[in-house]
2 protein chains.
Amino acid sequence: ASELWVEHIGESRSMRLATSIMRVQQLISSELDAALKPFGITFARYEVLQLISFSAAGRLPLSKIGERLMVHPTSVTNAMDRLETQGLVRRVADQTDRRRTFAELTDEGKQVLAQATDAVMAIDFAVVGLDGEQQDQAFELLKAVRSAAGDF
Amino acid sequence: ASELWVEHIGESRSMRLATSIMRVQQLISSELDAALKPFGITFARYEVLQLISFSAAGRLPLSKIGERLMVHPTSVTNAMDRLETQGLVRRVADQTDRRRTFAELTDEGKQVLAQATDAVMAIDFAVVGLDGEQQDQAFELLKAVRSAAGDF
């Protein structure tokens, strides 16, 4: 559609970049979801598993998950509900602060995460067509967009 | 989260680019939706309006909309339902081929589209932090990802 735009509302570099970002996100998101389907999880839920596994203590306050993945608390709750039903995570109450709940991986969660990681690495995270240097270049350019939009 | 990844599963350029694309899409998508909120439409529905307006005949077969925006026919149906309820588009049966339905803009749809275009252009399509040349660079890099993923 971007060619049409150029024709109709004038050369708009920002527009064609915006629609391109939308499109490429759709593409890689659906490829990543497809790669993770055998494990019954989406890439969003995969990111939650991965994030929990990163924590030094093996557990992470639910509030931190939303913060770090930069998603709405409701999305974290939904993802956690699904993952808990699947037996991949459990919620654990904080003994020192009752208002705080931790998320931790179950043994099955750890196993699924390891297999899922192999699966997404096998398709190179669905970001193909660029060599390593170009991937870094694209990353840096998008980083500037994120910074300008108030992201960290 | 990408710094953590690098630490834990090794330097993965493709991974950090993939998560960066996801993130920047979220950011610009929510900024575009916010800019369009006064008009009661999302960016996805804005794209439908824009696409119809591009057509030489002022109308477009529904099947073409999905094709050009590269979204599922169900998404087009949903967007069209919403837009029709809002009085911004109408469905018109093809006189020569009864199986085919056209979408066209109502007068109000044209008016809303013009105002909405001003609104998204005013925020530079939420793609800020890059100069024009960098925007082109980012576009070209993402184009390679799209091509490799079978996009056109």
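In the predicted model, about 5,900 Å² is buried between chain A and chain B, and 72% of this area lies on carbon and sulfur atoms. On the side of chain A, the residues that lose the most area to chain B are Met22(A), Phe54(A) and Leu141(A), which together account for 11% of what that side buries. The contact draws on 62 residues from chain A and 62 residues from chain B.

Polar and charged groups also take part in this contact, with 10 residue pairs in polar contact between chain A and chain B and a count of six salt bridges. In one salt bridge, Arg16(A) is joined to Glu140(B), with the closest N and O atoms 4.0 Å apart. The elements that give two or more residues to the side of chain A that touches chain B are the helices H1 (2-9), H2 (13-36), H3 (43-54), H4 (62-69), H6 (107-122) and H7 (132-148) of chain A. Of these, H2(A) gives the most, with 19 residues, and by class this side of chain A comprises 34 nonpolar, 16 polar and 12 charged residues.

Within chain B, three strands form an open sheet in the order S1-S3-S2, with antiparallel pairing. The edge strands, each pairing on one side only, are S1 (59-61) and S2 (89-93) of chain B, and the twist from one strand to the next averages 30 degrees. Five bridges join S2(B) to the antiparallel strand S3 (residues 101-105) of chain B, and Val92(B) stands opposite Phe102(B) in S3(B). Helix H5 (residues 73-85) of chain B packs on the sheet, where this helix touches S2 and S3 of chain B and its direction makes about 115 degrees with that of S2(B).

Technical notes. Residues are numbered from 1 along each chain as its sequence is written. Chains are lettered from A and ligands numbered from 1 in the order in which they are written. This is a predicted model: local features need pLDDT of at least 70, side-chain atom pairs count only at pLDDT 80 or more; totals for chains, interfaces and linings use all residues. Side-chain values use heavy atoms; hydrogens and water are left out. Contact means heavy atoms within 4.5 Å. Buried area is the accessible area (1.4 Å probe) that two parts lose on being put together, summed over both. A salt bridge is a side-chain nitrogen of Lys or Arg within 4 Å of a carboxyl oxygen of Asp or Glu. A polar contact is a pair of N or O atoms within 3.5 Å; within protein, one must be able to donate a hydrogen and the other to accept it, and residues adjacent in sequence count only if both atoms are side-chain atoms. Helices (H or I, at least four residues) and strands (E, at least two) are DSSP runs, numbered from the N terminus. Ala, Val, Leu, Ile, Met, Phe, Trp, Tyr, Cys and Pro count as nonpolar, Asp, Glu, Lys and Arg as charged, and the others, Gly among them, as polar. Two strands pair if DSSP finds at least two bridges between them. Axes are lines fitted to C-alpha atoms, for helices over the stretch in contact, and angles run from 0 to 180 degrees between N-to-C directions.
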